[in-house]
Amino acid sequence: LIERQGQIHQGNNSWAIGYSRNPASAYLAALMGPHNPFPIALADIDMELIAEWYDFCTSKALKYDAVHDTAESLGDVLMAICSAGRATPRHDGVKWGVVIDRPETLVIDHVNARNSAEFSWSRNYFEPPHAFRISFSDETNEYEPAERIVPWPGHTGAITLTEELSLPGKTDPSEIWREARRRMYELIFRPASFSAMQSGRSRVATRGDLVMGNFDALERAQFAARVKSVTGTLVELDEVIPPYSNLAIRFKAY
């Protein structure tokens with residue numbers, strides 16, 4: 001495996017061969033190791049992003065301890081490793097990297113009815129189980145097979161309905177509980193998905209970027225307009241906007 005050397009908080013980006021439980025190290029090993037018939041060169045990996053992910057995994061105490069001793073596709077291995085570090089694999093056409101599942105603050109693009117088409121949205125409705133049931137190798141008991149039941153948030157009483165959850169590479173019982181509970185909150189607070197199609201050869205946003213969106217299909221108070229002219233503090237739009245007590249405008253430059 002590949003391990004980051006030096007003090008993380010000092011921004012030391014040097015790496016060396018060694019043992020590490022960090023998912024970022026396992027990701028590099030999967031890409032560059034001898035088991036890969038077509039090893040990825042260091043120049044083809046976004047090492048700055050991987051180092052950032054390494055720090056993220058360290059701060060969240062995320063580990064990856066799976067043993068890959070059977071034939072698997074590189075894509076499956078990378079997905080398993082990244083899921084343990086709250087990320088997904090990414091290749092932007094130039095270099096390998098990851099998309100980290102974390103809040104972003106920089107808005108890269110604004111999608112609306114004037115610059116996109118085929119907008120749709122869906123929402124998942126489900127009856128949650130009483131708990132998730134996770135099988136794993138327990139590192140606190142010499143890696144013997146174990147099982148942990150994590151109750152659904154707010155559930156009280158007996159647990160009679162469970163669903164199996166797979167957490168590849170997790171061997172720490174406390175991390176099992178934390179990541180299972182996090183998955184529950186994802187299902188609770190991320191029930192909706194939105195999609196839209198944009199034309200053009202070059203788009204600003206890429207996978208993992210934060211984008212804003214406004215569509216009157218979701219709320220009639222939302223409008224998408226273009227600026228016709230600006231005179232001092234007077235901005236003329238090509239749409240008639242009804243007066244609202246609370247009005248906010250976001251401008252996108254082209």
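Helix α1, residues 23-32, is mostly covered, with nine of its ten residues buried. Keep in mind as you look around that this is a predicted model.

**Helix α1**
- The buried residues of α1 are P23, A24, S25, A26, Y27, L28, A29, A30 and L31.
- Where α1 starts, N22 places a side-chain oxygen within 2.9 Å of the backbone nitrogen of A24.

**How α1 packs against α3**
- Helix α3 spans residues 74-84, and α1 packs with it at an angle of about 170 degrees, the axes lying 9 Å apart.
- That angle makes the two helices, α1 and α3, roughly antiparallel.
- On the α1 side, P23, A26, Y27, A30 and L31 make the contact, while α3 brings L74, V77, L78, I81, C82 and A84.
- Sorted by class, this contact between α1 and α3 has eleven nonpolar residues, no polar ones and no charged ones.

**Salt bridges**
- The count of salt bridges comes to 18.
- One of them joins the side chains of D65 and R21, at 2.6 Å from N to O.
- This pair links distant parts of the chain, 44 residues apart: D65 sits in the loop between α2 (47-59) and α3, and R21 in the loop between β2 (15-17) and α1.
- D65 counts as buried at 18% relative accessibility, whereas R21 is partly exposed at 24%.
- K228 and E236 also meet through their side chains, at 3.7 Å from N to O; here K228 is exposed, with a relative accessible area of 55%, and E236 is partly exposed at 37%.
- A network of salt bridges links D101, R182, R183, E186 and R190.

Technical notes:
Residues are numbered from 1 along each chain as its sequence is written. This is a predicted model: local features need pLDDT of at least 70, side-chain atom pairs count only at pLDDT 80 or more; totals for chains, interfaces and linings use all residues. Side-chain values use heavy atoms; hydrogens and water are left out. Buried means under 20% relative accessible area, exposed over 50%, partly exposed in between (1.4 Å probe, protein chains only). Helices (H or I, at least four residues) and strands (E, at least two) are DSSP runs, numbered from the N terminus. A polar contact is a pair of N or O atoms within 3.5 Å; within protein, one must be able to donate a hydrogen and the other to accept it, and residues adjacent in sequence count only if both atoms are side-chain atoms. Axes are lines fitted to C-alpha atoms, for helices over the stretch in contact, and angles run from 0 to 180 degrees between N-to-C directions. Angles under 35 degrees count as roughly parallel, over 145 as roughly antiparallel, 65 to 115 as roughly perpendicular and the rest as oblique. Contact means heavy atoms within 4.5 Å. Ala, Val, Leu, Ile, Met, Phe, Trp, Tyr, Cys and Pro count as nonpolar, Asp, Glu, Lys and Arg as charged, and the others, Gly among them, as polar. A salt bridge is a side-chain nitrogen of Lys or Arg within 4 Å of a carboxyl oxygen of Asp or Glu.
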